[in-house]
Amino acid sequence: MKVLIIGSGGREHAFAWKIAQSSKVKKIYTSPGNGGTRLHGENVSIDLANMEELKSFVLSKKIDMLIVGPEGPLVDGIRDKFEADHEISHIPLIGPDARGALLEGSKEFAKDFMKKYNIPTAEYRSFSIETFEEAKDFLKTMNPPYVLKADGLAAGKGVLILDDYDEAVNELNLMFEGKFGQAGSKVVIEEHLSGIELSVFVLTDGKSYKLLPEAKDYKRIGEGDTGLNTGGMGAISPVPFAGRDFLDKVEDRIIKPTLSGLAQEGIDYRGFIFIGLMNCSGDPKVIEYNVRMGDPEAEVVIPRIKSDLMDLMMGVAEQNLDTRELIIDDNTVITVMLVSGGYPGDYEKGKIISGTDKTEGSILFHAGTENVSGRLLTSGGRVIAISSLADGMDKALETSFRNAEIINFEGKYYRKDIGFDLK
C-alpha cells in the first residue's frame with residue numbers, strides 16, 4: 001500500500017514511524033512533514049486548500065489511503081470533498097467528515113451532544129455578543145474559577161480559566177470583540193471541574209471500536225504546572241491513577257454513549273476520538289473531544305501499540321475493526337518535549353540541532369524540525385519529543401532526561417519534572 005499522511009508534527013512522525021514497520025506498506029508520503037518523517041518516506045508539499053492539487057497527487061502516486069493528523073482539514077471537510085469526487089471517493093481517508101469533526105470544531109455542538117446523550121460533563125451555557133448581559137448574569141451564578149471556551153478552533157489557545165469575576169467579564173468581552181478571531185464569536189461558559197486530568201483514545205470504524213492506551217500530558221510551560229499553556233511539554237502512558245475500574249466507567253458512561261450518539265445522529269465516524277477527561281474522585285467527566293490523536297500523547301500511545309497499526313487502519317476503512325488484533329505493551333512510555341527558547345511566545349527558527357545521532361534507548365519524534373542541505377534545523381516551537389519505553393516509570397524518565405541533555409540547539413528548553421507528580 002501507498003499511504004499519504006497529512007500533517008507536520010510529532011504526531012505525524014509517530015504515525016510514519018509505526019506504519020513504516022508494517023509489511024502492508026510500500027511507500028509513505030507526508031505533507032508537509034518534517035525532518036523526522038523524511039526518515040520513513042518522502043515529504044511532499046501539497047496545498048490542502050486546492051482539492052485539484054491534492055486529487056492530482058493522490059491519483060498520480062496511486063495512493064491507497066490518507067491519514068489526516070491535525071484537526072483543521074477535518075473540520076474543513078476534507079473527507080466530504082473526497083467522497084464527493086467519484087474519481088477518488090474509493091480511497092479511504094482516516095478521519096471524520098465535517099459533521100463528525102464538529103465534536104472538536106464547535107464547543108457548543110460538543111456540549112449539546114453530551115447533554116443530549118447523557119454523557120457526564122461540566123454544566124454550561126453558550127453565549128454570543130447579543131447575549132452578553134445574560135452571560136454576565138450567568139457568571140454571577142457560578143463559583144470561581146470561571147471557565148471560558150471559544151466555540152471554534154483557536155489553535156489550542158481558546159480556553160481561559162480565571163479566578164476574578166471582573167477579569168472574566170473583561171476577557172469575555174475581548175473574546176466577542178475578536179481576541180480569538182471568528183472562533184470566539186460564540187463562547188461556552190462552564191463549571192470548573194476539580195480533579196486530575198487524563199485522556200483516552202478510541203479508534204472506531206463507525207460500528208465497533210478499539211480502546212487505545214490512555215495518557216496524561218503536561219500543558220504548562222513551567223515546572224510545577226506554572227506559566228502559559230503550550231501544545232504539550234510531555235506525556236506519560238499508562239496513567240497510574242487510571243485503573244481498570246475507572247476505565248470501565250469511561251467505556252460504559254462515555255465511549256459507548258458517544259459512539260451510539262454519533263450513529264443516531266447519522267454521522268459515519270471513522271477515525272480517532274480523543275476524549276479529554278477529568279477524574280473527579282473516581283468518576284470520569286468529559287472536558288472536551290478532539291477528532292484526532294493528541295500531540296504529544298501520540299508519542300507515548302503509539303509506541304505502546306505492538307500490533308500492526310496499518311492493519312487497524314484497514315479495519316477502520318473496511319468497517320471490520322472488530323476482527324483486527326490490538327496488542328498493547330504493558331511497559332511505560334514517557335516523552336519529554338524539547339522546545340525553542342521563548343515558546344509558547346515568540347521564538348527564533350533555524351537553529352542547528354546536534355546530538356540526535358548520539359542518543360540511546362529513546363525514539364526521537366520530530367515536531368518542529370527541517371532538513372536543509374543535510375543539516376537538521378529547528379522550524380517550530382516544539383522541536384523534538386524524546387520518547388522512552390521501559391519497565392517502570394523511573395527507568396523511562398531517566399532515559400528521556402539523559403537524552404534531553406545530549407541533544408542541543410540554541411535556546412533549548414524542557415521541563416525536568418514530567419511524570420514526577422505520578423511517582
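This is a predicted model: local features need pLDDT of at least 70, side-chain atom pairs count only at pLDDT 80 or more; totals for chains, interfaces and linings use all residues.
1. How much space lies in the second largest cavity? The volume there is about 40 Å³.

2. Sorted by class, the lining has five nonpolar and two polar residues, and no charged ones.

3. In total the structure holds two cavities of 30 Å³ or more. The largest cavity has about 60 Å³ of space. Its lining consists of Leu103, Lys107, Ala110, Lys111, Met114, Lys149, Glu190, Ile287, Glu288 and Tyr289. Two elements, helix H6 (107-116) and strand S16 (283-290), each give two or more residues to the lining. H6 gives the most, with four residues.

4. The class make-up of the lining of the largest cavity deserves a separate remark. Five residues are nonpolar, five are charged and none is polar. For the second largest cavity, by contrast, the lining has no charged residues.

5. Helix H6 also takes part in a helix-helix contact. The axes of helix H5 (residues 98-105) and H6 come within 6 Å and cross at roughly 95°. Angles of 65 to 115 degrees count as roughly perpendicular, and H5 and H6 are therefore roughly perpendicular to each other. On the H5 side the contact is made by Arg99, Leu102, Leu103, Glu104 and Gly105, which meet Lys107, Phe109, Ala110 and Phe113 in H6. The residues of this contact divide into five nonpolar, one polar and three charged.

6. Which residues of H5 are buried? They are Gly100, Ala101, Leu103, Glu104 and Gly105. The cover over these buried residues includes H3, H6, H9 and S16.

7. Glutamate 71 lies in helix H3, which spans residues 71-75. Is this residue buried or exposed? With a relative accessibility of 19%, glutamate 71 counts as buried, because the cut-off for buried is under 20%. Apart from neighbours within four places in sequence, glutamate 71 is in contact with Glu104, Leu153, Val291 and Arg292. Glu104 is itself one of the buried residues of H5.

8. Helix H11, residues 309-318, is mostly covered, with eight of its 10 residues buried. The buried residues are Leu309, Met310, Asp311, Leu312, Met313, Met314, Gly315 and Val316. What do they pack against? The partners are strand S1 (2-7), helix H1 (10-19), strand S4 (65-68), strand S5 (93-94), strand S10 (196-204) and strand S15 (271-280).

9. Glycine 181 lies in the loop between helix H8 (165-176) and strand S9 (186-190). Its relative accessible area is 37%, and glycine 181 is partly exposed. The C-alpha atoms of glycine 181 and alanine 242 are separated by 37 Å, with the two residues 61 apart along the chain.

Conventions
Residues are numbered from 1 along each chain as its sequence is written. Side-chain values use heavy atoms; hydrogens and water are left out. On a 1 Å grid over the protein atoms alone, a cavity is a set of points where a 1.4 Å probe fits but cannot get out, and a pocket is an open set with protein on both sides within 12 Å along at least five of seven lines; lining residues have an atom within 4 Å of a point. Grid points are joined across faces, edges and corners, and a volume is the space filled by probe spheres set on the points. Ala, Val, Leu, Ile, Met, Phe, Trp, Tyr, Cys and Pro count as nonpolar, Asp, Glu, Lys and Arg as charged, and the others, Gly among them, as polar. Buried means under 20% relative accessible area, exposed over 50%, partly exposed in between (1.4 Å probe, protein chains only). Contact means heavy atoms within 4.5 Å. Axes are lines fitted to C-alpha atoms, for helices over the stretch in contact, and angles run from 0 to 180 degrees between N-to-C directions. Angles under 35 degrees count as roughly parallel, over 145 as roughly antiparallel, 65 to 115 as roughly perpendicular and the rest as oblique.
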